[in-house]
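Take a look at the structure below.

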Amino acid sequence: MTEILPNWQKKAEERQKLYKSFLQSANKNKVLKALPALHDEAFEKIDCLQCAACCKNYSPRFKTTDIKRISKHLRMKESVFIETYLRLDEDGDYVVRSTPCPFLGHDNFCSIYEHRPSDCERFPYTDEDVLLKRIPLTLKNSSFCPAVYYVLEKLMINIK
């Protein structure tokens with residue numbers, strides 16, 4: 001991954017203002033049309049299992065449907081699942097108690113992958129309108145996810 005995107009983290013950090021300006025002023029229809037192909041291209045080049053920075057440093061929101069599905073899969077009562085793994089954050093959302101995610105293995109595989117939270121399934125939102133609708137989140141994600149960095153760089157080249 002590093003040979004494909006040398007110094008990407010440093011570049012992403014340096015380009016935050018540029019990304020913000022681009023995302024605020026870009027032709028939204030052109031961006032949304034370009035996203036699916038750029039998303040696929042990014043994940044042809046980037047292997048999440050080599051990185052897992054999202055799982056190591058951040059938490060998804062666990063919505064009620066996620067909690068029901070995962071606790072059932074783990075054969076735990078929902079209340080026990082919440083007590084064991086989750087806490088309420090400052091926004092009132094359930095998130096993991098600690099990082100890295102307790103479901104992340106040493107091999108960067110997720111032990112509940114087939115039942116993971118919808119936020120995990122959708123992450124890093126590079127194929128949906130969240131990229132434009134939640135610019136602060138996109139900027140944050142670009143600082144630790146090489147796929148977001150890749151998609152933003154390609155968008156800035158391709159969308160004028």
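## A buried asparagine

A residue counts as buried when its relative accessible area is under 20%. Asparagine 141 has a value of 3%, so asparagine 141 is buried. Keep in mind that this is a predicted model.

Asparagine 141 sits in helix H9. What does asparagine 141 touch, once neighbours within four places in sequence are left aside? Its contacts are Phe123, Pro124, Tyr125 and Val148.

Helix H9 covers residues 135-144.

The buried residues of H9 pack against several helices. Among them are H1 (8-14), H2 (16-25) and H4 (53-57). H8 (130-133) and H10 (146-158) are also partners.

## H2 against H10

How do H2 and H10 pack? Their angle is about 60°, and their axes lie 11 Å apart. The two helices are therefore oblique to each other. H2 passes H10 in a left-handed crossing.

H2 brings Leu18, Tyr19, Phe22 and Leu23 to this contact. H10 brings Tyr149, Leu152, Glu153, Leu155 and Met156. By class, the contact of H2 with H10 holds 8 nonpolar residues, no polar ones and 1 charged residue.

## H3 against H10

Helix H3 spans residues 28-45 and also packs with H10. Here the angle is about 135°, with the axes 9 Å apart. H3 is oblique to H10. This crossing is right-handed.

On the H3 side, the contact includes Val31, Ala34, Leu35, Leu38 and His39. Glu41, Ala42, Phe43 and Lys45 of H3 take part too. They meet Ala147, Tyr150, Val151, Lys154, Leu155 and Asn158 of H10. The residues of this contact of H3 with H10 divide into 10 nonpolar, 2 polar and 3 charged.

How many disulfides does a search of the whole structure find? The search finds 0. A disulfide needs two cysteine sulfur atoms within 2.5 Å. For cysteine 48, the closest cysteine sulfur belongs to cysteine 145 and is 6.4 Å away, so it is too far for a bond. Cysteine 110 is in no disulfide either, and its nearest cysteine sulfur, that of cysteine 101, is 6.2 Å away.

Note on methods:
Residues are numbered from 1 along each chain as its sequence is written. This is a predicted model: local features need pLDDT of at least 70, side-chain atom pairs count only at pLDDT 80 or more; totals for chains, interfaces and linings use all residues. Side-chain values use heavy atoms; hydrogens and water are left out. Buried means under 20% relative accessible area, exposed over 50%, partly exposed in between (1.4 Å probe, protein chains only). Helices (H or I, at least four residues) and strands (E, at least two) are DSSP runs, numbered from the N terminus. Contact means heavy atoms within 4.5 Å. Axes are lines fitted to C-alpha atoms, for helices over the stretch in contact, and angles run from 0 to 180 degrees between N-to-C directions. Angles under 35 degrees count as roughly parallel, over 145 as roughly antiparallel, 65 to 115 as roughly perpendicular and the rest as oblique. A crossing is left-handed if the near helix is turned anticlockwise from the far one by less than a right angle, and right-handed if clockwise. Ala, Val, Leu, Ile, Met, Phe, Trp, Tyr, Cys and Pro count as nonpolar, Asp, Glu, Lys and Arg as charged, and the others, Gly among them, as polar.
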